[in-house]
Amino acid sequence: MSTPVLDVRGLAYAYPDGHQALFGVNLHVHRGERVALLGPNGAGKTTLVLHLNGILMPGAGSVSVSGLPVDADNVREIRRRVGIVFQDPDDQLFLGTVRQDVAFGPQNLGLRGAALEQRVASALAQVGMAEYADRPPHHLSFGQRRRVALATVLAMEPEILVLDEPSSNLDPASRRELADIVRGLEVTVLMVTHDLPYALELCPRSVVLSDGVVVADGPTREVLGNEPLMAAHRLELPFGFDPTRIGSLPG
Amino acid sequence: MGAGHGHLLHYHGHSPVHRCPAHLKVLALVGFMLLVVATPREWYGAFAAYLLVLGGVIAVAQVPPGYLGRRMVVEVPFVLFALLVPFVATGPRVDLPGLAWLGVTVSQPGLIAAWGLLVKGTLGVLASLTLAATTEPDDLLRGLERLRLPDLLVQIMGFMIRYLSVVTSELGRMLTAMRSRGADPRSPRHWPSLARALGALFIRSYERGERVHLAMLSRGYTGRLPR
């Protein structure tokens, strides 16, 4: 098999206060895959995500991205390869206009002039926000801000896109629009969520993280259909939602 | 266009004052303030001239006087203090000018000091408001940068402008939540809970700061905002 885009081996991590969040996580994501990372609150999902681009460094084990190990020397290249879209777009959009915010990442990579403008335009076009380029982010709706946050990361042309709870606080229409956008991207996606229908809709494969270890890894429909597994890890489907009764998935 | 739309202090317009480069406006403001502060209090004519100049700039900028007037309430505490000075200051006493029939005497040096405080303060506030009304916050930052203000300070101001609305709306939601549970944040009886809410707001903002920093690092931030 080819080199996985994301290769996490035996990753363990304890916070400086002694609280251990991860106990040997193994995870491989291959090019073009869309994988959902499921798990209850406090399972260590966010801790894992912060390892993927070297914000946190492994206590034990290793993380590599397309064969490049995540360590202090490679951190710049790693952060180009791994694009994280955080949960709260207000944390991600901190400059005066949408355009400046989307340009921030590529500028840090050294892009200037026409190449930069082209990157920004294409990232905004991908999320359907091109006509908002000159607006200040805080004047946009929440759904629009989330899409701009996605564009800020797409502008860096990452090899893997990590979405942290992409559907939280979105109304159903914004939720669907975001799903359409994500499906249209030709990029590897790791989606961290506990929105199980959204995982089924977007990700053929799911990984369940619970108490700092991976407890399941398989086709999303099978994972969600495994009732004992779901119950054991505090994952509950919304009322009336039956993954086995959903016929064809969009896309 | 852009950043400042809907910003509290900015008045949208296309006058020559609006178009003037921000760094020149900042320099002009600082120069004007120094001049005002350095002018002896007794040169009454000079202050009239300053006010005339400032009035001219405001007229050219086409900012309605009422717009600036409402925003001048920030000066009220200073005004109160200035009005108090003649009553508490020492020195030869005189009758209250124009109100001799009240029989109240005030300190003459105090009167001069109050005049100085009032006129210099008012000119300063009015001039600063004029700058704020005619300059987008973003342009102001670029202007300060051009004046070689340390990058770190410019960044801090930029974040302040960006997150001011986020933090105030967060505070607004906290106050609404307090009111919904029967507390009146204005009443002194509930000041302890208001203080706790402000404490919580500080912690939240601090944590948001950390998250923003993480998000910046994730996009390759190295300590300088790219230009």
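The contact between the two chains takes 26 residues from chain A and 22 from chain B, where two residues are in contact if their C-beta atoms, placed from the backbone, lie within 7 Å. The model is predicted: local features need pLDDT of at least 70, side-chain atom pairs count only at pLDDT 80 or more, and totals for chains, interfaces and linings use all residues. Residues are numbered from 1 along each chain as its sequence is written, while chains are lettered from A and ligands numbered from 1 in the order in which they are written.

- On the side of chain B that touches chain A, the elements giving two or more residues are α8 (151–180) and α9 (191–218) of chain B; helices (H or I, at least four residues) and strands (E, at least two) are DSSP runs, numbered from the N terminus.
- α9(B) gives the most to this side of chain B, with 7 residues.
- By class, this side of chain B has 10 nonpolar, 7 polar and 5 charged residues. Ala, Val, Leu, Ile, Met, Phe, Trp, Tyr, Cys and Pro count as nonpolar, Asp, Glu, Lys and Arg as charged, and the others, Gly among them, as polar.

- Chain B has a domain 1 (16–143) and a domain 2 (150–218), with bounds that come from an automatic or database domain assignment.
- Taken over C-alpha atoms, the centres of domain 1 and domain 2 of chain B are 32 Å apart.
- Helix α2 (residues 22–38) and helix α6 (residues 108–134) of chain B pack with axes 10 Å apart, at an angle of about 175 degrees. Axes are lines fitted to C-alpha atoms, for helices over the stretch in contact, and angles run from 0 to 180 degrees between N-to-C directions.
- α2(B) is therefore roughly antiparallel to α6(B), a term for angles over 145 degrees.
- Residues making this contact include B:Leu29, B:Phe32 and B:Val36 of α2(B) and B:Leu123, B:Ala127 and B:Leu131 of α6(B).
- The contact of α2(B) with α6(B) has 8 nonpolar, 2 polar and 2 charged residues.

**Nonpolar cores**

- The largest nonpolar core has 75 residues, of which A:Ala151, A:Val162, A:Leu190 and A:Met191 touch the most other members. Such a core is a set of buried Ala, Val, Leu, Ile, Met, Phe, Trp, Tyr and Cys residues joined through C-beta atoms within 7 Å.
- Helix α6 (residues 142–154) of chain A gives the most to this core, with 6 residues.
- Another core, of 15 residues, lies apart from it, and B:Val17, B:Phe32, B:Leu126 and B:Leu129 are among its members.

**Single residues**

- A:Gly105 is in helix α4 (residues 98–108) of chain A and counts as buried because it has 29 C-beta neighbours inside 10 Å. A residue is buried if 20 or more other C-beta atoms, placed from the backbone, lie within 10 Å of its own, exposed if 12 or fewer, and partly exposed in between.
- Leaving aside neighbours within four places in sequence, the contacts of A:Gly105 include A:Thr152 and A:Met156, as well as B:Arg219 and B:Gly220.
- A:Asn169 is not a glycine, yet has a positive phi of about 65 degrees. A:Asn169 lies in the loop between β7 (160–164) and α7 (172–184) of chain A and is partly exposed, with 13 other C-beta atoms within 10 Å.
- B:Gln62, also a residue other than glycine, has a positive phi near 60 degrees. B:Gln62 is in the loop between α3 (44–61) and α4 (65–71) of chain B and counts as partly exposed, with 14 C-beta neighbours inside 10 Å.

How values were computed: Parallel < 35°, antiparallel > 145°, perpendicular 65-115°, else oblique.
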